Amino acid sequence: MTTVVKIGGARAVDPEGALSDVAALVDEGEDVVLTHGGSTAVDETLEELGQDPTYVETPGGVVGRFTDENTMDVFKMVMPGKLNTDLVESLQNLDVNAVGLSGTDGKLLEGKRKSAVRVKEDGKKKIKRGDHSGTIESVNADLLETVLAGGYTPVVSVPVLGKEKEGGYTAVNADADRAGAAIAGALEADLVVLTDVSGIYEDPDDESTKIDSASTPEAFEAVKSAAEGFMTKKVMAAEEALEGGAASVTVASANAETPISSALDGEGTTLEPGVLEDATEVER
Ligand code: ADP
């Protein structure tokens, strides 16, 4: 069984435990694919370059990054550039033969560019053009399986290879949780999403209300209504992963000694395929 691990991009997340855990799992012969976020690092680099990160609000009230051409350049520098290389370097120091891959490499993550976004600005609805973002439609599972079969550990970063309406491709920004979800679905893997909280809490401010697991649509409703803000995106990504064929999704804390093996052993919040309404119809 393959494990796909997504490391959070928040500042409060230290990847050290996760990386030594990847090394331990790989040493035991497990296949691990690592993927990561990095929004905070992109914002910091933009600011160092004297540019303001742009966030827009959709008419539905969801806040997201607007990735103009300059931002996309910085995104490429930071995500598959510095962050990916740092992770590969750390893994090499732990005797893991890691291989960094961007979503654009070998069409690993392919999707569609969506250049016009609906936004709400000063209370008015507008269309904003020139966004470099998109959604993932397919994963080159064969590439990952080939890399894994060679004894390497893939470290995957967004961007994604986005098809333009008028033909051709552009590298586009996509949510890293959803990238992890797409990969876990394609590999029918367990997905472990490591973040700065120890799971999904019934009351977002109270760790003692952590939901341990959900395996029915009813239990999943409770998880969905508990999640606020950024966690909403993780829950949506978890649903996509399970719909895509992932064996399980666990949201757990990155700040632990063995965060991945602990998550696979039941720490955090585990969501099982049974949470899907039509779970019996999912082919695996
Ligand atoms: P990352 O950068 O690791 O991908 P995010 O910041 O996107 O993580 O998401 C994790 C955040 O979600 C937590 O820090 C917390 O503030 C927030 N959150 C919202 N609702 C919940 C909830 N029900 N349980 C736990 N955390 C929640």
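The model is predicted.

**Stop 1: the ligand and its shell**

Select the ligand and the residues around it. The shell holds 17 residues. T195, D196, Y201, E228 and K234 come nearest. Colour the shell by class next. Nine of its residues are nonpolar, four are polar and four are charged.

Which helix gives the largest share of this shell? Select residues 229-244 to find out. This is helix 7, and it supplies three residues.

**Stop 2: polar side chains at the ligand**

Now show side chains for K234, T195 and K6. Start with K234. One of its polar side-chain atoms lies 2.6 Å from an oxygen atom of the ligand. Move on to T195. An N or O atom of its side chain is 2.8 Å from a ligand oxygen atom. Finish with K6, where a polar side-chain atom lies 3.0 Å from an oxygen atom of the ligand. The ligand taken alone exposes 580 Å², and the protein buries 81% of that.

**Stop 3: the annotated pair**

**Stop 4: R65**

Centre on R65. This residue is in strand 4, residues 63-65. Is R65 buried or exposed? R65 is buried because its relative accessible area is 13%, under the 20% cut-off.

Show what surrounds R65. Leaving aside residues up to four places away in sequence, R65 touches S39, V42, D43, L46, P53, T54, Y55, T71, D131 and N173. Pick S39 from that set. The side chains of R65 and S39 are joined by a polar contact of 3.2 Å.

**Stop 5: N173**

Step across to N173. Look in the loop between strand 11 (169-172) and helix 5 (176-186). N173 is also buried, with a relative accessible area of 12%.

Display its neighbours. With residues up to four places away in sequence left out, N173 touches R65, T67, M72, F75, H132, S133 and G134.

How values were computed
Residues numbered from 1 in each chain as written. Predicted model: local features only at pLDDT ≥ 70, side-chain atom pairs only at ≥ 80, totals over all residues. Heavy atoms only, no water. Near = heavy atom within 4 Å. Polar contact = N/O pair within 3.5 Å; in protein donor to acceptor, adjacent residues only side chain to side chain. Areas by Shrake-Rupley, 256 points an atom, 1.4 Å probe, with all protein chains shown as cover. Helix = DSSP H or I, 4+ residues; strand = E, 2+ residues; numbered from the N terminus. Nonpolar A, V, L, I, M, F, W, Y, C, P; charged D, E, K, R; others polar. Buried < 20%, exposed > 50% of the residue type's maximum accessible area, 1.4 Å probe, protein only. Contact = heavy atoms within 4.5 Å.
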